[in-house]
Amino acid sequence: MTKDKKAMFRSVSLLSKLRSRLGQQPSLKDSVRWLQIQSSSSDLDLHSQLEELIPEQQERLKKIKAEHGKVQLGNITVDMVLGGMRGMTGLLWQTSLLDPDEGIRFRGLSIPECQKVLPAAKPEGEPLPEGLLWLLLTGKVPSKEQVDALSKELRSRAVVPDFVYKAIDALPVTSHPMTQFATGVMALQVQSEFQKAYEKGIHKSKYWEPTYEDSLNLIARVPLVAAYVYRRIYKDGQVIPLDDSLDYGANFSHMLGFDSPKMLELMRLYVTIHSDHEGGNVSAHTGHLVASALSDPYLSFAAALNGLAGPLHGLANQEVLLWIKSVVDECGENITVDQLKEYVWKTLKGGKVVPGFGHGVLRKTDPRYTCQREFALKHLPDDPLFQLVSKLYEVVPPILTELGKVKNPWPNVDAHSGVLLNHFGLTEARYFTVLFGVSRSLGICSQLIWDRALGLPLERPKSVTMEWLEDYCKKAA
Ligand code: NMX
Ligand code: MLT
């Protein structure tokens, strides 16, 4: 940090202490207060903000360990071990928390709250993803100036070396977009600051600094890599460069080739809501697990992407649009409710899932679905595929309930995103999971910086065999 930066940092530290006394902001009221306080601050530097926050959060964790280390958080049952660890609390994840009924809260703020308090590109507009990134990293609602500064910083970091594109070009153009995207992220790893610093013997108390560098670089660069993959596969390789006047979400849409104002708003909303979903989902958990071995952010995030590429997780957004299009192909756009019911049953009887419905934790309609529905009602109410999605909202949950085994019959985030993108011309369903991946870089990398700052350990749970379980249960009976 330069001397100037240090002086500025000291001058805002009084204000920061005042903020600390006000506490973290779990409620909207508090967030608005933060917004007001922060607007008067001249500190636009995210790194300085983190530097200030880290010691107090390290102390907080130490205290939790010392005072509550032996408190039990529940009992582990055989069902949990055999049932994909559902309901087993086993991870620390600071950036967001999922409530089964209310859905996700980013640092305490629900999606509607984020839509209210995070800075937007225009009045009443969707939140800027940079604002969400600031919130995830610091727990504070940023001012518009802070968001603009972060936007600028991300643009300045958005430089992708040619060998990354060459690595992608080595794959057949027909390879799945997620394969091409993950390959690009792996190639970006060559420039990892963390790896370089580790090789030079960096002290563990400083790990978070090169992790921060890698994470911001990665977040800044993945839209370029993702857009390259899209243009390579679907637009004859005609690449569109970054526009220095645009924010993160708008730039991503622009580089893909979509510049309509509504599509830019959709992309801002899309990147914001897909960013983080607490720590146990497959992509976040994978990223966290791999990073716990001190693998750098690129290695960790590439691993996360490979989990996201599975059809029960992020690939479901692809599956939903393909499934909806197959409904239309077979029955037409004006399908009746009875025909739709029949189609859903046919899918289930074929031993397949209905994509976009159900969830490992949620037990109500996903608020990410609801906000996308609101976007559709505002911007594309007459779109025939949106109307089909609305019909599915009525038809599918009772059928899944009738099956008797599905714990959550309600739609998740993926049930809606495809028809919105399709409406604005992004029709290539196989590409959709890449969009999800770009967004998830914000959440996974934010937590990764905190993993390093808090010195979280290698993740290594215990596993057992069936013999072990049988013996243990016999003895316990
Ligand atoms: N269609 C058909 N069957 C389902 C569905 C569905 N949408 N959801 C759950 N089930 C079945 C599930 O396959 C399981 O069957 P079985 O016992 O024969 O193996 C049974 O219901 C119990 O599963 P749950 O405990 O309700 O769900 P679980 O936590 O195991 O899985 C999902 C959660 C999300 C994997 C599951 O609901 C699903 O496969 N949904 C469709 C795919 C999807 O939309 N995934 C995206 C999730 C969000 N994301 O982006 O990651
Ligand atoms: C996610 O966004 O990661 C999905 O909803 C899956 C999950 O939370 O388990």
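**Reading burial, bridges and patches**

Modeller: Start with Arg232, which counts as buried at 14% relative accessibility. Buried means under 20% relative accessible area, exposed over 50%, and partly exposed in between (1.4 Å probe, protein chains only).

Colleague: What am I looking at, and how is it numbered?

Modeller: This is a predicted model, where local features need pLDDT of at least 70 and side-chain atom pairs pLDDT 80 or more, while totals for chains, interfaces and linings use all residues. Residues count from 1 along each chain as written, chains are lettered from A and ligands numbered from 1 in written order, and side-chain values use heavy atoms, without hydrogens or water.

Colleague: Which residue forms a salt bridge with Arg232?

Modeller: The rule is a side-chain nitrogen of Lys or Arg within 4 Å of a carboxyl oxygen of Asp or Glu. For Arg232 the partner is Asp169, with the closest N and O atoms 3.2 Å apart. This pair links distant parts of the chain: Arg232 sits in helix H12 and Asp169 in helix H9 (residues 162–169), 63 residues apart. Helices are DSSP runs (H or I, at least four residues), numbered from the N terminus. Asp169 is partly exposed at 37%. The structure holds 16 salt bridges.

Colleague: Where do Glu59 and Lys62 lie?

Modeller: In an α-helix, with 3.6 residues a turn, residues three or four places apart point the same way. Glu59 and Lys62 are both in helix H4, three residues apart, about one turn. Their salt bridge has its closest N and O atoms 3.3 Å apart. Glu59 is partly exposed at 46%. Lys62 is exposed at 53%.

Colleague: Which residues are linked with Arg105 in a network of salt bridges?

Modeller: Glu102 and Glu113 join Arg105 in that network. The closest N and O atoms of Arg105 and Glu102 are 3.6 Å apart. Arg105 is partly exposed, at 28%.

Colleague: Why is H21 described as largely enclosed by the rest of the structure?

Modeller: Check burial residue by residue. Nine of the ten residues of helix H21 (residues 414–423) are buried, so the helix is largely enclosed. Asp414, His416 and Leu420 are among them. The cover includes H14, H17 (316–331), H19, H20 (384–403) and H22 (432–453). Gly425 follows H21, with a positive phi near 105°.

Colleague: Which residues does the UniProt annotation "active site" cover?

Modeller: The unreviewed entry lists His313, His359 and Asp414. They spread over 102 residues of sequence but cluster in space, the largest C-alpha distance being 10.8 Å. Such annotations may be inferred rather than shown by experiment. His359 lies in the loop between helix H18 (337–349) and helix H19 (367–379). His359 is partly exposed at 25%. Beyond four places in sequence, His359 is in contact (heavy atoms within 4.5 Å) with Leu98, His277, Arg368, Asn408 and Asn412.

Colleague: Which residues make the nonpolar surface patch?

Modeller: Patch members have over 30% relative accessible area and no salt bridge; like charges are joined within 9 Å, nonpolar side chains (Val, Leu, Ile, Met, Phe, Trp, Tyr) within 5 Å. Here Ile76, Val78, Val81, Leu82, Val464, Trp468 and Tyr472 make a patch of about 670 Å². Helices H5 (78–82) and H23 (466–476) each give two or more residues. H5 gives the largest share, three residues. Ile76 lies in the loop between H4 (46–68) and H5. Ile76 is exposed, at 59%.

How values were computed:
Accessible areas come from the Shrake-Rupley method with a 1.4 Å probe; for residues, only the protein chains shown count as cover.
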